[in-house]
Amino acid sequence: MRAAVERAISKVPEVTLTFWIIKIAATTLGETGGDAVSMSMNLGYLVGTAIFAAIFIVAVVAQIRSKDWNPLLYWTTIIATTTVGTTLADFADRSLGIGYAGGASLLFALLMLSLAVWKRVLGSVSVATVVSPQAETFYWVTIMFSQTLGTALGDWMADTIGLGYGGGALVFSSLLLLIAVAYYRTKISHTVLFWAAFILTRPLGAVVGDFLDKPFSAGGLALSRYSASAAIFAFIVLSIAFFPQRAAKRLH
């Protein structure tokens, strides 16, 4: 039994600076990659969501069935959640006509529901307690909702409020800095701070991704979504290769 727990724990990475750097890069790739499929390929948000949802399901099943910590598989699953989050949020916000505020509110409710059910069923939503297939399922569903919510928040901040991509990036970076300060200087639950930071890295990646590939007239750099996605993907692979991550420790 103990060996099984150790194998399960080894699939969850330790939360370090490297983790957050790769997470932000992955969310940026989710934005450029999601837009490349739904917009550049002209497949639309619904078809894009179906494609990425299928990839997400396959990746999650592989991750849960895996017996050992596999960083490439883990981050592939994270990227899958952020790409499906991009197209799903865009579908809800634009195709369903509920707007960024409506989409963000709906997704926030779903995220809170996911966390509440997880807490009620297993007693904790700490990443350090993800030691079973059931906990991993809650973990990945919650992450998918957080990625989708982050996309809606990023678009809402940059477009509806009118801060633009640079202003949005500054706001979300500042909030993440405050969370980091709270982590080291306050007694606020580290689990609460983790999920707050996890959610906020997604809109940061969203506005950075939009800044890279949107036209000059919209305040972007007008880079190709394909080339931007390829460059970010290469950065993630190199980061995984040169900055090895350890498994998270079990919460005692």
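Trainee: How many of the 24 residues of α2 are buried?

Mentor: This is a predicted model, in which local features need pLDDT of at least 70 and side-chain atom pairs count only at pLDDT 80 or more, whereas totals for chains, interfaces and linings use all residues. Residues are numbered from 1 along each chain as its sequence is written, and side-chain values use heavy atoms, with hydrogens and water left out. Helices (H or I, at least four residues) and strands (E, at least two) are DSSP runs numbered from the N terminus. With buried defined as under 20% relative accessible area, exposed as over 50% and partly exposed as in between (1.4 Å probe, protein chains only), α2 is mostly covered, and its buried residues number 18.

Trainee: How does α2 lie relative to α8?

Mentor: Axes are lines fitted to C-alpha atoms, for helices over the stretch in contact, and angles run from 0 to 180 degrees between N-to-C directions. The axes of α2 and α8 are 7 Å apart, and the two helices pack at an angle of about 45 degrees. Angles under 35 degrees count as roughly parallel, over 145 as roughly antiparallel, 65 to 115 as roughly perpendicular and the rest as oblique. The position of α2 relative to α8 is therefore oblique.

Trainee: How do α5 and α6 lie relative to one another?

Mentor: Helix α5 (residues 99-122) packs against helix α6 (residues 133-160) at an angle of about 160 degrees, with axes 9 Å apart. The arrangement of α5 and α6 is therefore roughly antiparallel.

Trainee: Is Thr-201 buried or exposed, and with what relative accessible area?

Mentor: Thr-201 is in helix α8 (residues 190-213). Leaving aside neighbours within four places in sequence, its contacts (heavy atoms within 4.5 Å) are Trp-20, Lys-23, Ile-24, Thr-27 and Leu-176. Thr-201 is buried, and its relative accessible area is 1%.

Trainee: With which residues is Gln-63 in contact, leaving aside its neighbours within four places in sequence?

Mentor: Gln-63 is in helix α3 (residues 44-65). Its relative accessible area is 2%, so Gln-63 is buried. With those neighbours left aside, Gln-63 is in contact with Lys-11, Leu-73, Tyr-74, Thr-77, Glu-136 and Trp-140.
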